[in-house]
Amino acid sequence: MVRTAQIPPALFDRALLQRRQQRAQAQGAVTFLLERVAEDMSDRLATVMREFQAPADLWTPGGGLAALRARLPSIERIALDEAGAEKLPLAPESLDLVVSALALQYVNDLPGVLAQIRRALKPDGLLLAAMIGGDSLTELRQAFAAAEAECEGGVSPRVAPFADLRDIGALLQRAGFALPVTDVDRVVVRYANAFALMQDLRRMGAANVLIERRRTPSRRATLLRMAEIYAERFADTDGRIRATFDIVWLSGWAPHASQQQPLKPGSAKASLAEAVKKAGKE
């Protein structure tokens, strides 16, 4: 019996994502999160004691990682195409570095994209990426759900589901990366009200692109009630509301013989039981 590869269900309208990112650039993009990631990425790369000759920037929106060009003048920028395709135009073992900033959270087949990146990396090549994940925008999600349930008797998809740290680490291993590492940078931003937050999201090109999103305009009463609930639950004493953004960092290396290898089972030269017993006598 022949097994067919399972295609994950599409969650995101990536063609719409591309159009909204273009519109955000035309209107004047809000880039404080991207700037934070770009600075952090530059610092992280500075700790890697090697020169990269064939780097690529995958799908970073807008001007993206232009700040890295001084260090990586040969970096190739792979932009999101009009159809939002997830098949990468990369030859096997053609790159020694792939970076990506605030783009992978909109991928329908993240395991497949990570596997493609892994194949495109030369042995000992590095993937370093940052994506929105974890509890990002949990306040907005809760406020919209409560308002819609109260005003309309149901809930529609408003905020995209985000992968957590553990899931992303497992996906790196599944894709064949060695020495996978993940961590989270939590950023809490304060706004005058929920509508100011939503305006920033639009100007980040990060408004709702879920395929199952509501296609009719939101009711005014629902939006006003959402803003009230947001302020009731997530405002500080000065009346300004909080918005959480979890930036999940992930890195992994294409396997190479020079990399640190785990010890084989039974190869340890010291016994843990003996060490514990000795410590108890001291």
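These legends describe close-up views of a predicted model. Residues are numbered from 1 along each chain as its sequence is written. Local features need pLDDT of at least 70, side-chain atom pairs count only at pLDDT 80 or more, and totals for chains, interfaces and linings use all residues, while side-chain values use heavy atoms, leaving out hydrogens and water.

**View 1. The chain holds 8 helices and 6 strands.** Helices (H or I, at least four residues) and strands (E, at least two) are DSSP runs, numbered from the N terminus. Along the sequence the pattern reads α-α-β-β-β-α-β-α-α-β-α-α-β-α. The chain has 282 residues, and 44% count as buried. Buried means under 20% relative accessible area, exposed over 50%, and partly exposed in between (1.4 Å probe, protein chains only). Among contacts with a separation of 6 or more, 83% come from residues 24 or more positions apart. Contact means heavy atoms within 4.5 Å.

**View 2. An open sheet is formed by 6 strands.** The strand order is β2-β1-β3-β4-β6-β5, with mixed pairing. Two strands pair if DSSP finds at least two bridges between them. From one strand to the next, the twist averages 15 degrees. Axes are lines fitted to C-alpha atoms, for helices over the stretch in contact; angles run from 0 to 180 degrees between N-to-C directions.

**View 3. Strands β3 and β4 run parallel.** Here β3 covers residues 95–101 and β4 covers residues 121–133. They are joined by 6 bridges. V98 stands opposite L127 of β4. A101 has A130 of β4 as its bridge partner. Strand β4 is largely enclosed by the rest of the structure, because 10 of its 13 residues are buried.

**View 4. The largest pocket has a volume of about 950 Å³.** On a 1 Å grid over the protein atoms alone, a cavity is a set of points where a 1.4 Å probe fits but cannot get out; a pocket is an open set with protein on both sides within 12 Å along at least five of seven lines, and lining residues have an atom within 4 Å of a point. Grid points are joined across faces, edges and corners, and a volume is the space filled by probe spheres set on the points. This pocket is lined by 45 residues, and L201, R202, A206, A207 and N208 are the closest to its centre. Helices α1 (14–27), α2, α4 (138–152) and α6 (194–203) each give at least two lining residues. The largest share, 5 residues, comes from α1. The lining has 25 nonpolar, 11 polar and 9 charged residues. Ala, Val, Leu, Ile, Met, Phe, Trp, Tyr, Cys and Pro count as nonpolar, Asp, Glu, Lys and Arg as charged, and the others, Gly among them, as polar.

**View 5. The second largest pocket has a volume of about 290 Å³.** Its lining has 17 residues, with L11, V107, N108, L110 and A163 nearest the centre. Two or more lining residues come from each of α3 (110–120), β4 and α5. By class, 14 are nonpolar, 2 polar and 1 charged.

**View 6. Q18 sits in helix α1.** Q18 is buried, at a relative accessible area of 9%. Neighbours within four places in sequence aside, Q18 is in contact with L80, D81 and E82.
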